[in-house]
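Hi everyone, thanks for making time.

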Amino acid sequence: MATNQKPVFGYVVIYVKDVAASVAFYAKAFGYDVRRLDESHRWGELETGSTTIAFTPIHQHETDNLTGAVHSSGSGGERPPMEVCFVYSDVDAAFKRAVENGAVAVREPEGKEWGQKVGYVRDIDGNVVRMGSHVKPPK
């Protein structure tokens with residue numbers, strides 16, 4: 001039975017070495033409030049608006065055998081096939097805050113031809129985080 005119901009994008013789950021450390025890092029470096037960190041430290045969430053950034057350990061007995069093991073990038077020259085992007089009105093200030101709070105600078109913010117200002121950092125697990133402005137509508 002087909003329906004016309006459209007899904008709501010609920011979560012981005014980031015697999016990390018230490019859930020509590022990653023939740024604290026993202027809250028401090030990127031300015032989010034912590035929604036939840038369970039007592040087992042196997043799940044954490046940040047308040048981000050209409051969707052949720054969630055964190056869970058890289059290895060879990062519940063899913064490793066079901067969906068496969070998570071593979072982290074091996075070096076700074078590799079990255080996973082996805083990135084998260086946070087949008088700020090002042091990308092330069094946000095980038096500076098992230099780096100001052102432990103993010104590793106990859107590329108300082110710069111204007112792009114499509115009308116967005118974008119910078120890149122890596123989080124404490126080596127994941128790429130794009131920090132950008134809103135894209136300006138075409139003229």
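I'll go through the sheets, then the salt bridges, and finish with one aspartate. Keep in mind throughout that this is a predicted model.

Okay, sheets. Let's start with the one that contains S1. It's an open sheet of four strands, and if you read across it the order goes S1-S4-S3-S2, with mixed pairing. What stands at the edges here? That would be strand S1, residues 11–16, and strand S2, residues 33–37. Each of those has a single partner strand, so one side of each is left without a neighbour in the sheet. Going from one strand to the next, the twist averages 25°.

Let's look at one pair inside that sheet. S3, which covers residues 44–47, and S4, residues 52–57, run antiparallel and are joined by four bridges.

Now the helix. H1 is residues 19–30, and it lies across S1, S2, S3 and S4. Relative to S4 it runs at about 150°.

On to another sheet. This one is also open and has four strands with mixed pairing, in the order S5-S8-S7-S6. Its edge strands are S5, residues 84–87, and S6, residues 104–111, and each of them pairs on one side only. Ignoring direction, neighbouring strands in this sheet are turned by 20° against each other on average. And H1 shows up again: it packs on this sheet too, touching S5, S7 and S8, and its direction makes about 25° with that of S8.

As for S5 and S8, they pair in the parallel sense, over four bridges. Within that pairing, Cys 85 stands opposite Arg 130 in S8.

Arg 130 makes one of them with Glu 83, at 2.7 Å from N to O. Arg 130 is in strand S8, while Glu 83 is in the loop between helix H2 and S5, so this pair ties together parts that are 47 residues apart in sequence. Glu 83 is partly exposed, by the way, at 24% relative accessibility.

Another one is Glu 100 with Lys 96, where the closest N and O atoms are 3.8 Å apart. These two sit four residues apart in helix H3, which puts about one helical turn between them. Glu 100 is exposed at 56%, and Lys 96 is exposed at 52%.

Then there's Glu 110 with Lys 112, at 2.8 Å. Here Glu 110 is partly exposed at 29%, and so is Lys 112, at 23%. There's also a network: Arg 35, Arg 36, Glu 45 and Glu 47 are joined by salt bridges that share partners.

Last stop, Asp 123. You'll find it in the loop between strand S7 and strand S8. Where is the nearest side chain of opposite charge?

Terms used
Residues are numbered from 1 along each chain as its sequence is written. This is a predicted model: local features need pLDDT of at least 70, side-chain atom pairs count only at pLDDT 80 or more; totals for chains, interfaces and linings use all residues. Side-chain values use heavy atoms; hydrogens and water are left out. Two strands pair if DSSP finds at least two bridges between them. Axes are lines fitted to C-alpha atoms, for helices over the stretch in contact, and angles run from 0 to 180 degrees between N-to-C directions. Contact means heavy atoms within 4.5 Å. A salt bridge is a side-chain nitrogen of Lys or Arg within 4 Å of a carboxyl oxygen of Asp or Glu. Buried means under 20% relative accessible area, exposed over 50%, partly exposed in between (1.4 Å probe, protein chains only).
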